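Hi everyone, thanks for coming.

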Amino acid sequence: MASDRMLQFVEREQSYPDKRSAEQRAHDFREIAERYAAPDADAQAARCSQCGVPYCSVHCPLHNHIPDWLRLTAEGRLREAYELSNATSTMPEICGRICPQDRLCEGNCVIEFSGHGAVTIGSVEKYITDTAWAEGWVEPLHPGAATGQSVGIIGAGPAGLTAAEYLRAAGHEVHVYDRHDRAGGLLTYGIPGFKLEKDVVMRRIDRLVAGGIHFHLGFAVGEDATLDALRQKHDAILIATGVYKAREIKVPGNTADGVIAALDYLIASNRKSFGDAVPAFDDGRLDARDKHVVVIGGGDTAMDCVRTAVRQGAKSVKCLYRRDRENMPGSQREVTNAEEEGVEFVWLSAPESFTADKHVKEVAVAGMRLGAPDASGRRSPEADPGRQFDVPADMVIKALGFDPEELPHLFGSPDLSVTRWGTLRVDHQTMMTSLPGVFAAGDIVRGASLVVWGIRDGRDVSDQMAKWLKAKAKSEKKAA
Ligand code: FAD
Ligand code: SF4
Ligand code: SF4
């Protein structure tokens, strides 16, 4: 039954934590939102109407117990709220920061539909677990009774880390291999600090290390070992390598100096936030300072690039996207944040060529218009012959999305089956690939997706792997 503290959505207005001013935040990589103070979080949680069928939870990929932890927060029972929130997620404070809530939990809150403004679920979720960290309520990872079985996980992004945590808790020996020198996947080297500060990610990884998970960093499967070699070493394998083959823009001049790939640019910037020496940044190639920057694309990666360029001190930052604002894939909240920070969006525009004398100096742009809807119902862009113009550019960042790398070839495993999109083919019930005992999860199965789906897949695949390992142990015992 709803406690009498709840259902305050009529008299209490929706209020997100304040954002720092655009002027302030353009000079650093700190998160842009302030954190709730306790009374504000309690008051906002109390706006929830405690729906019998909570659409917020239905549309949360983790099916978090949202109304229950909102009620506990409103009642000041924060530790219980944390325990409940932690029961379904390995990283609630990270999801609270970077889930596109407007498309998931908050976008489906009934209060939003009744015109009162959704409950600020993500901000409360972040507040609950940030408080748990500050109060010391986040328990160390306790490994279960040792099973004597070992698991190898390739990829230390949200999917791999989530599976590692649950499998370790189930008593398995867990080894995580990643080609980067730090764990976290795109949480560490893709997503910038102004959305997700790095110490928030690192404290999660430190906890996994302290829980006995072995990390083999700077270890590229395909170069430092074949998949087969890892299969010999471990009882089961999880492939959670994400998608990293950047889509190309096939126009003249796309290899000129100054035309760079989004992830190279973001990785360099994130490394600088860790204090690393990055020669290609330090010599100016990946630094937007004093440059006219043009970013091509309309997804989350493009949004992260334009906002990073602002913080690096670019002279101007423009984003070219071939559809309009309503039809872009990136989050509307991020577009608003970028506009506040001085980014100019040039909608319905696509590059025709990059003009360069060795180094890029201009983008020739073709105007676009939206034609008839395609098979998916989305209106396809087509050239608008009446609009053509040039945009000055000292740096062009290509942010058109990512496809999977060719894993069967890279891993030396031709029997690893892939779909026509290059993603790994898995049995959707068992999450096992075409190779016995080799499972897969996260973006490498779904294609480029979201952190919260990586966590969900990591949770599901760890259940499937645990079942499979149990059956393996049983059959080995029988055979012995
Ligand atoms: P990843 O996070 O990509 O991790 C895969 C790991 O595997 C990496 O660490 C990689 O180094 C490692 N690896 C790959 N190949 C090998 C190999 N051969 N050997 C060893 N290791 C290997 N999602 C959101 O929900 N919110 C956001 O705001 C958001 N912003 C984003 C911004 C950017 C710039 C990008 C690119 C993505 C963003 N996403 C966002 C998407 C989200 O980051 C991904 O969906 C999520 O990280 C996928 O998790 P994963 O574990 O499958 O893979
Ligand atoms: Fe919302 Fe994401 Fe949290 Fe689910 S995990 S409640 S979708 S912010
Ligand atoms: Fe509360 Fe909104 Fe979820 Fe209903 S949909 S339980 S009002 S947060």
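**Ligands, domains and cores**

Let's start at ligand 2: helices α6 (92–98) and α8 (121–135) each supply at least two residues of its shell. Helices here are DSSP runs (H or I, at least four residues), strands are E runs of at least two, and both are numbered from the N terminus. Keep in mind that this is a predicted model, where local features need pLDDT of at least 70 and side-chain atom pairs count only at pLDDT 80 or more, while totals for chains, interfaces and linings use all residues. Residues are numbered from 1 along each chain as its sequence is written, and chains are lettered from A and ligands numbered from 1 in the order in which they are written.

So who sits around ligand 2? There are 14 residues, and the closest are C60, C95, C99, L104 and C105. To be near, a residue needs its C-beta atom, placed from the backbone, within 6 Å of the molecule or strand. Helix α8 gives the most to this shell, three residues. By class we get nine nonpolar, four polar and one charged. Nonpolar means Ala, Val, Leu, Ile, Met, Phe, Trp, Tyr, Cys and Pro; charged means Asp, Glu, Lys and Arg; the others, Gly among them, are polar.

Now ligand 3. Its shell also has its numbers: 14 residues, with C48, C51, C56, P67 and C109 the closest. Helices α3 (55–58), α4 and α7 each bring at least two residues, and the classes come to 12 nonpolar, two polar and no charged.

Let's stay with C109 for a moment. You'll find C109 in the loop between α6 and α7 (110–113). Is C109 buried or exposed? C109 counts as buried, because it has 27 C-beta neighbours inside 10 Å. The cut-offs are 20 or more other C-beta atoms within 10 Å for buried, 12 or fewer for exposed, and partly exposed in between, with C-beta atoms placed from the backbone. Not counting residues up to four places away in sequence, C109 touches Y55, C56, A118, V119 and I121; contact means C-beta atoms, placed from the backbone, within 7 Å.

Next, zoom out. The chain is divided into domain 1 (22–135), domain 2 (150–244 + 404–479) and domain 3 (246–402), with bounds from an automatic or database domain assignment. The C-alpha centres of domain 1 and domain 2 are 28 Å apart. Their contact takes 17 residues from domain 1 and 21 residues from domain 2. On the domain 1 side, α6 gives the most, five residues.

Where does ligand 1 lie? Domain 2 and domain 3 both give residues to its shell, so ligand 1 lies between them. That shell has 35 residues, the closest being G155, G157, G185, G242 and G442, and they divide into 16 nonpolar, 13 polar and six charged.

Last stop, the cores. A nonpolar core is a set of buried Ala, Val, Leu, Ile, Met, Phe, Trp, Tyr and Cys residues joined through C-beta atoms within 7 Å. The largest one has 83 residues, and V293, V295, C305, V306, V396 and I397 have the most contacts inside it. Helix α15 (residues 300–311) gives the largest share of this core, six residues. Apart from that core lies another, of 43 residues, including A164, Y166, V174 and F439.

Key
Two residues are in contact if their C-beta atoms, placed from the backbone, lie within 7 Å.
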